[in-house]
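Please keep the sequence and the three-dimensional view at hand while reading.

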Amino acid sequence: MTATLTSTPAVVRTIAELRAAIRAYRAEAGATASVGFVPTMGFLHEGHASLIGRSAQDNRLTVLSIFVNPLQFGPNEDFERYPRDEIRDLDVAARAGADIVFMPSVTEMYPTQAATQITVSGVTERLCGASRPGHFDGVGIVVTKLLNIVQPDRAYFGLKDAQQVAVVERMVADLNQPVEIVPCPIVRETDGLAMSSRNVYLSADERREALVISRTLAKVPAWIDSGMNAAQLTAAVREGISASPIADIDYVETLTYPALQPPAPDAALSGSNERIIVAAAVRFGRTRLIDNILISLPEAQPL
């Protein structure tokens with residue numbers, strides 16, 4: 001197989017084949033070789049397409065991976081029912097500009113039980129790291145394996161999973177991995193709901209009620225400008241989301257970013273020179289959604 005830029009991406013299912021394709025591309029492209037990488041769990045939507053499109057703009061070759069990683073799911077989470085649709089995914093990948101789609105099996109990625117763990121401390125103790133124990137250990141090992149397999153120049157991650165971006169950036173820096181991590185903005189539906197593969201789980205009523213998250217987060221810049229401190233802001237966001245009678249809040253937190261540490265508890269956020277994230281995880285029925293807003297202070301402007 002030759003890795004060339006075509007409208008139909010090449011589908012690769014083994015690590016050996018992927019490495020051979022990328023090696024052939026780099027040998028052919030020479031000094032102009034540039035590989036972008038977009039790791040996903042599939043069931044692609046326009047948020048994923050935006051990552052693929054950004055990579056295609058920045059690089060001559062874009063590799064997309066689709067792998068539902070069992071190590072980042074807890075025992076009572078949705079690994080078995082996580083949505084999968086290979087034909088749909090390949091159509092989105094082609095339209096967005098992917099050149100190679102890597103779709104390994106679980107046994108290809110984990111031929112034996114992994115004896116190695118990658119734990120990133122400090123940025124994993126809060127938010128999803130607290131409510132999903134072991135989740136980021138699973139993220140750490142699969143992202144490291146994928147980066148080692150693809151060896152891209154750049155890797156693209158969406159900021160809807162802002163904690164994941166912080167974890168990956170710290171891991172890459174600590175391990176001196178030769179890749180640039182490119183965070184990309186949240187992509188939203190026209191009504192404001194953050195795009196997520198799990199949105200397909202929502203009933204019509206749950207889908208309507210879920211808009212309370214983005215509508216509440218949109219008020220954060222004004223609340224910061226009004227002089228709120230971190231505790232007041234967190235309380236205001238929690239109260240806003242609780243206006244939905246079916247919203248079951250997992251967490252709402254206000255933290256510095258990317259360190260993910262609590263800001264000074266009593267000082268008004270508008271006087272800070274830090275970046276702030278207000279992040280929320282909320283269940284509607286059986287569906288757990290996450291969303292956030294990143295703020296650059298002191299201007300209180302969304303990033």
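The sections below treat confidence, helix packing, the nonpolar cores and selected loop residues.

## Confidence of the model

The structure is a predicted model. The average pLDDT of the chain is 93, and 96% of the residues score at least 70. Residues 1-6 have a pLDDT below 50, and this stretch makes 15 contacts in the model beyond near neighbours in sequence.

## Packing of helix 1 and helix 6

Two packed helices are described by the angle between their axes and the distance between the axes. For helix 1 (residues 15-29) and helix 6 (residues 135-150), the axes come within 9 Å and cross at roughly 45°. Helix 1 is therefore oblique to helix 6.

On the side of helix 1, the contact is formed by I15, L18, R19 and I22, which meet N148, I149 and V150 of helix 6. Classed by residue type, this contact of helix 1 with helix 6 comprises five nonpolar residues, one polar residue and one charged residue.

In soluble globular proteins, nonpolar side chains tend to be buried together. The largest nonpolar core here has 52 residues, of which L18, V63, M109, V143, Y257, L260 and I277 touch the most other members. Helix 6 gives the most to this core, namely nine residues. A second, separate core has 29 residues, including A210, L233, V237 and A280.

The surroundings of V63 can be described in detail. Residues up to four places away in sequence being set aside, V63 touches L18, I22, V35, G36, F37, V38, I100 and V150.

## Residues in the loops

The loop between helix 4 (106-109) and helix 5 (128-131) contains T124. T124 counts as buried because its relative accessibility is 13%, the cut-off being under 20%. Apart from neighbours within four places in sequence, T124 is in contact with G129, A130, F136, Q163 and V167. The C-alpha atoms of T124 and Q72 are separated by 13 Å, the two residues being 52 residues apart along the chain. L127 lies in the loop between helix 4 and helix 5; its phi is positive, near 55°, although L127 is a residue other than glycine. At 3% relative accessibility, L127 is buried.

F43 is placed in the loop between strand 2 (35-40) and helix 2 (46-58). F43 is not a glycine, yet has a positive phi of about 45°, and with a relative accessible area of 14% F43 is buried. In the loop between strand 7 (247-256) and strand 8 (275-284) is P258. The peptide bond from Y257 to P258 is cis, with omega near 10°.

How values were computed: Residues are numbered from 1 along each chain as its sequence is written. This is a predicted model: local features need pLDDT of at least 70, side-chain atom pairs count only at pLDDT 80 or more; totals for chains, interfaces and linings use all residues. Side-chain values use heavy atoms; hydrogens and water are left out. Axes are lines fitted to C-alpha atoms, for helices over the stretch in contact, and angles run from 0 to 180 degrees between N-to-C directions. Helices (H or I, at least four residues) and strands (E, at least two) are DSSP runs, numbered from the N terminus. Angles under 35 degrees count as roughly parallel, over 145 as roughly antiparallel, 65 to 115 as roughly perpendicular and the rest as oblique. Contact means heavy atoms within 4.5 Å. Ala, Val, Leu, Ile, Met, Phe, Trp, Tyr, Cys and Pro count as nonpolar, Asp, Glu, Lys and Arg as charged, and the others, Gly among them, as polar. pLDDT is the predictor's confidence in each residue, from 0 to 100. A nonpolar core is a set of buried Ala, Val, Leu, Ile, Met, Phe, Trp, Tyr and Cys residues joined through side-chain atoms within 4.5 Å. Buried means under 20% relative accessible area, exposed over 50%, partly exposed in between (1.4 Å probe, protein chains only).
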